[in-house]
Amino acid sequence: MWLFLYSEIILFGGLFVLYAAYFHEYPKNFAESGRELNRIIGSLNTVILLISSFTVAASLTAIQRGAKRLALSLITFSILCGATFLTIKYFEWGKHIREGVYPNSQVLQNGPPGNNIFFGLYYVITGLHGLHVIIGMTLLTISLVFILTGRVNERHFSMLENAGLYWHLVDLIWIFVFPLFYLVL
Amino acid sequence: MDAIGMVKRQSFYETPSPAGLKGIWAWLLTRDHKRLALMYLWAIMLWLCIALLIGLSLRIELMWPGGTIMKAETYNAMFTLHGVIMIFLFVIPAIPAVFGNFFLPIQIGADDVFFPRLNLMSWYLFMFGGGFAIISLFSGKGFPDTGWTFYVPFSVTTKTNVSLTVTAAFILGMSSMLTGLNFITTVHRMRTKGMGWMQIPLFTWSLYATAWVQLLATPVISITFVLVILERFLRIGLFDPAKGGDPLLYQHLFWMYSHPAVYIMVLPGMGVVSEIIPIFSRKSIFGYKAIVYSSLAIAIAGSLVWAHHMFTSGISDVSIFVFSLLTYLVAIPSAVKVFSWVSTMYKGSIQMTPPLLLALAFIYLFSVGGLTGLLLGAAGTNVYVHDTQFVVSHFHFTMFGGTGFAFFAALHFWWPKMFGLMYNMKRAYIAVILTTIGFIFHFIPMMILGLMGMPRRYFDYLPQYATGNFLAGFGGFMIIAGVGLMFTNLLLSFREKNLAADDPWGGTTLEWSIPSPPPLHNFVGVPEVKSFPYDFSMVGKDAAPTIQTRETDERTS
């Protein structure tokens, strides 16, 4: 599982390489586009993901100690956090798209090229990250069902552990994505 | 034979499958690494035959100037197909997926890989990827015609069905990554008692090094392919200079995977040769540790040389210098291996067999490929021969002369173990010689053509290139005849039923200590690990080594 997570990091690593190369080329455009993103909403999303990571970790400890009900509620809370994250992201994307900022849009075509690249990368990276959030939520839901049926219990908890690891990875990637786009100089 | 003996001899083909897994499902839902390996084998051999025939059609087209059997557009599609099938469906998976799956667990004394279900999933991903590749050919607006590299901007703007082909390559990449993950975990966690790191056979070592490269590099190509697809649908412009992008970055990302990938292709082949040479020299391998470390060195250094594909693409002089230097560094561990193999044979008791002949052809052809690689790695000469037939010839010497021949060698070497059957030696020799001579006839003219200045991927050429192209086409026919004979010979062994002994070659690694074909759980007793895997002091002590076949069929008696 650790090796698989590693490959996921490389997957995003390729995109971060692109980001680094283009940031080197268009530092000014990147900074100015970064200010168009809403930092408060971004921070809110970061906090939500961090809390959900904590609850997932707590649920693992809970199941190891045999507190099934507590574990169930903690996982449910984490899944809800994921859903909230996606909803906020949806409204954020929606706002940009209404403003005419989306791939191949007129606004970006006519603006400076750096802005186009910035938003292109923004959509690709956050989109891929969103996809990973959905996968992580699916894994957590499967663990939830397994806990209900008893296949995951205080002795066999590796399924939940792996789902949790994946969720932490999604969180970790966001920790990198957030400053790259929202807090760029 | 008594009852216990009967049980012991029962191979994994004969062991009844669990209830609910009858007939074809016993294969399609199996988690047995041996069955999966055989399913890979048939699929990969099919792909190889298809791609070889496509390659032949390309050479027939080029035998005479002007259009002969196809149009220029078809030609573009055909070389793309040839490249995509050969690279993604044959060369990369061939040795790890077939022989790695079959022999890696046996060589380390395990009864299966660490994640058997994941292994089955890799196989399905491989088949789905292959299926997608076929669908992409016959749907949309014609065959993809970008070459296997899918370079932007053409891959983003062409009307043909590139998206689906790229998806297929993405899925295949995932399959190879999961196989690599499985191998790493298996080598770490499943080694039998007493097998330390320096007791692991060299084939397993090379697969281990390969698996790391697969895991490290494949995600980069995955994301690159995702970007190509997104570009095609959304036109974001990440690689489009008009929109602020940079097409060079695509090449960087692409080769960041695809150069390490050539070591994914060749390292397992080197592992096969390292197994074959000591057995038929009856001499312990020269420099076991040197070979192990050079495998790792190739894996590491090979990951750092990607930009040598881009010397003419407009990168800075400093990076050309650095990447040229790094490229030269990779030659060192490769040469260490070649010297180790040759030194193993020195003063050995050499016994000629088809696998050994193939391994020797491998060493020769791969050395030529490696040395021409140095010519390409030098920044100056590279500019002269870049994108000519010389490059094509160079990588065929390493891919086909290297990995292809190693695959054939592995087939002949382990065929008796996998099926318990021995093939006809005489026909095998003829096939090997025919293939090798055909190979040289095919690719040496191309090398000369390249030095004369004939570019690659061209449909037509000037009259001065006619002789070389004709000869190359002639060699192509010889290769097809040789490979055809080789496969026919192997398949005929099923009809001839000439049973092979458990250890027909006098091998010392664990796979030769068990019955042929292996029983369901590989080992009947606890595997006995030697302190050194290539210790020939106990084998064939009293008699000159001979190829053994079983006189009577013990399984039916």
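Two residues are in contact if their C-beta atoms, placed from the backbone, lie within 7 Å. This report uses that definition for a predicted model to which the predictor gives an ipTM of 0.83 and a pTM of 0.88.

**The core and chain B**

Leaving aside neighbours within four places in sequence, Phe362(B) is in contact with Gly269(B), Val273(B), Gly402(B), Phe405(B), Ala406(B) and Ala409(B). Phe362(B) belongs to the largest nonpolar core, which holds 204 residues. Along with Val273(B), Ile276(B), Ala359(B), Ala409(B) and Ala410(B), Phe362(B) is one of the residues that touch the most other members of this core. Helix α10 of chain B, residues 247-281, gives the most to the core, with 20 residues.

Helix α15 of chain B covers residues 389-419 and bends by about 45° at Phe413(B). A proline, Pro416(B), follows the bend within four residues. How many residues of α15(B) are buried? The number is 29 of 31, so the helix is mostly covered, where a residue is called buried if 20 or more other C-beta atoms lie within 10 Å of its own. After α15(B) comes Gly420(B), which has a positive phi, near 70°.

The mean pLDDT of chain B is 86, and 93% of its residues reach 70 or more. Two stretches of chain B in which pLDDT stays under 50 are set out here, with their contacts beyond four places in sequence.

| Stretch of chain B | pLDDT | Contacts beyond four places in sequence |
|---|---|---|
| Residues 1-7 | under 50 | three contacts |
| Residues 541-545 | under 50 | four contacts |

**Chain A**

Chain A has seven helices and zero strands, and from the N terminus on its elements run α-α-α-α-α-α-α. Taken along the principal axes, the C-alpha atoms of chain A fill a box of roughly 60 × 30 × 25 Å. Of the 185 residues in chain A, 36% are buried. Among contacts in this chain between residues at least 6 apart in sequence, 77% join residues at least 24 apart.

**Where the chains meet**

In the model, 19 residues of chain A are in contact with 21 residues of chain B. Which elements give two or more residues to the side of chain A that touches chain B? They are α1 (2-25) and α6 (113-149) of chain A. Of the elements, α1(A) gives the most to this side, with ten residues. By class, the side of chain A that touches chain B has 13 nonpolar and six polar residues, and no charged residues.

Definitions and conventions
Residues are numbered from 1 along each chain as its sequence is written. Chains are lettered from A and ligands numbered from 1 in the order in which they are written. This is a predicted model: local features need pLDDT of at least 70, side-chain atom pairs count only at pLDDT 80 or more; totals for chains, interfaces and linings use all residues. A nonpolar core is a set of buried Ala, Val, Leu, Ile, Met, Phe, Trp, Tyr and Cys residues joined through C-beta atoms within 7 Å. A residue is buried if 20 or more other C-beta atoms lie within 10 Å of its own, exposed if 12 or fewer, and partly exposed in between; C-beta atoms are placed from the backbone. Ala, Val, Leu, Ile, Met, Phe, Trp, Tyr, Cys and Pro count as nonpolar, Asp, Glu, Lys and Arg as charged, and the others, Gly among them, as polar. The bend at a residue is the angle between axes fitted to the seven residues ending there and the seven starting there. pLDDT is the predictor's confidence in each residue, from 0 to 100.
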